[in-house]
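Hi,

Here is the model I promised to pass on.

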Amino acid sequence: MAGEDKVSPIKSFFAGGFGGVCVVFTGQPLDTIKVRLQTMPIPAAGENPVYSGTFDCAKKTIQLEGIRGLYKGMAAPIAGVAPIFAICFFGYNLGKQLQQNKPGDKLTYQQQFKAGLLAGCFTTAIMAPGERIKCLLQVQANEKNPKYKGPVDVVKQLYKQGGIRSVYKGTCATLLRDVPATGIYFASYEFFQDQLTPEGGTRKDLGPLQILLAGGGAGVCNWVGAIAPDTLKSRLQTAPEGMYKRGVRSVFVDIVKTEGPTALFKGLTPVMLRAFPANAACFLGYEMAMRALNYVFPNL
């Protein structure tokens, strides 16, 4: 197997931030639909659910709130996504660097998975509160008197209500989702890149289409492993204080008992519709930024 380019965590930090911004602009509408499906109340006997599915949720959101309704809560991920993805790619490339005996060593997929696990740990400190803010804003579906006016107001009210612990509610659930899923994310991206590299060629021979395909495929693989923990996280982060006393374990027991195991996969359709284009955009943005940085700063 051919070797890899020299790993540069610093350049990966900046390129990852740019890739993260590409994710939000591409995927926010379907993320809003996913959260609303995951957190909608259970209908009473004889009543219809608030949303019958992905497209019904999109239709009702646009009818009641306009197209801007699909972008509710975007300020929080925009503010946090650049550093989140920057730290994620930094953590991944640092994890790769720690496992290389010398610069340029080709790592196995298992080693790349381990590097991804490290990246998932790195991002939680920023990801957890950002996800909490985003979800609380997203579930305010066309309320006449919304509880929260925006991301800053969410933080103020949460802190007043329960201090920093309230702002970071759902941290363990976020770790449960992100650590294994990020390992899958990067290992699968490396696999798809290898499969798409021309025989006798290198990663530098991959064009935008091949990068889009590899990134989109990695996004789908990531969410196969992340959707159930993500449902638990969304329920926990939007629940009233004290509802789930044992945290994510209580959420799991409650969902399985009242709605059945399939409820853990609510929002799967919008997740998969979002996963390919959003992550294709992420990796294309990342790779293009890395190539530009390598050209401008070849020795960094």
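Predicted model: local features only at pLDDT ≥ 70, side-chain atom pairs only at ≥ 80, totals over all residues.

Residues are numbered from 1 along each chain as its sequence is written, and side-chain values use heavy atoms, with hydrogens and water left out.

The overall fold

The chain has nine helices and zero strands, where helices (H or I, at least four residues) and strands (E, at least two) are DSSP runs numbered from the N terminus. The C-alpha atoms fill a box of roughly 65 × 35 × 35 Å along the principal axes. For 300 residues, a compact globule would have a radius of gyration near 19 Å, and the 20 Å of this chain agrees with that; the radius is taken over C-alpha atoms, and the globule rule is 2.2 Å times the number of residues to the power 0.38. Buried residues make up 51% of the 300 (buried means under 20% relative accessible area, exposed over 50%, partly exposed in between, with a 1.4 Å probe and protein chains only). Of the contacts between residues at least 6 apart in sequence, 79% join residues at least 24 apart, contact meaning heavy atoms within 4.5 Å.

The cores

The largest nonpolar core has 27 residues, and Phe85, Phe89, Tyr185, Phe186 and Phe283 touch the most other members. A nonpolar core here is a set of buried Ala, Val, Leu, Ile, Met, Phe, Trp, Tyr and Cys residues joined through side-chain atoms within 4.5 Å. Helices 1 (9-39), 3 (75-99), 4 (109-138), 6 (171-196), 7 (208-238) and 9 (268-296) each supply at least two residues of this core, with helix 9 giving the largest share, seven residues. Leaving aside neighbours within four places in sequence, Phe89 is in contact with Ser12, Gly16, Phe186, Cys282, Phe283 and Tyr286. There is also a second, separate core of 11 residues, with Ala239, Val251, Ile255 and Leu264 among them.

Helix packing

Helix 1 and helix 4 pack at about 75°, with axes 9 Å apart. Axes are lines fitted to C-alpha atoms, for helices over the stretch in contact, and angles run from 0 to 180 degrees between N-to-C directions. That makes helix 1 roughly perpendicular to helix 4 (65 to 115 degrees; under 35 is roughly parallel, over 145 roughly antiparallel, and the rest oblique). Gln28, Asp31, Thr32, Val35 and Arg36 of helix 1 meet Lys134, Cys135 and Gln138 of helix 4.

Helix 4 also packs against helix 7, at about 70° and with axes 9 Å apart, so this pair is roughly perpendicular too. Ala128, Glu131, Arg132, Cys135 and Leu136 of helix 4 make that contact with Asp230, Lys233, Ser234, Gln237 and Thr238 of helix 7.

Tyr185 lies in helix 6 and is buried, at 5% relative accessible area. Beyond residues up to four places away in sequence, Tyr185 touches Phe85, Ala218, Gly219, Asn222, Asn279, Cys282 and Phe283.

Thr262 sits in the loop between helix 8 (248-259) and helix 9, and counts as exposed at 64% relative accessibility. Thr262 and Ala226 are 36 residues apart in sequence and 14 Å apart in space, C-alpha to C-alpha.

Cheers
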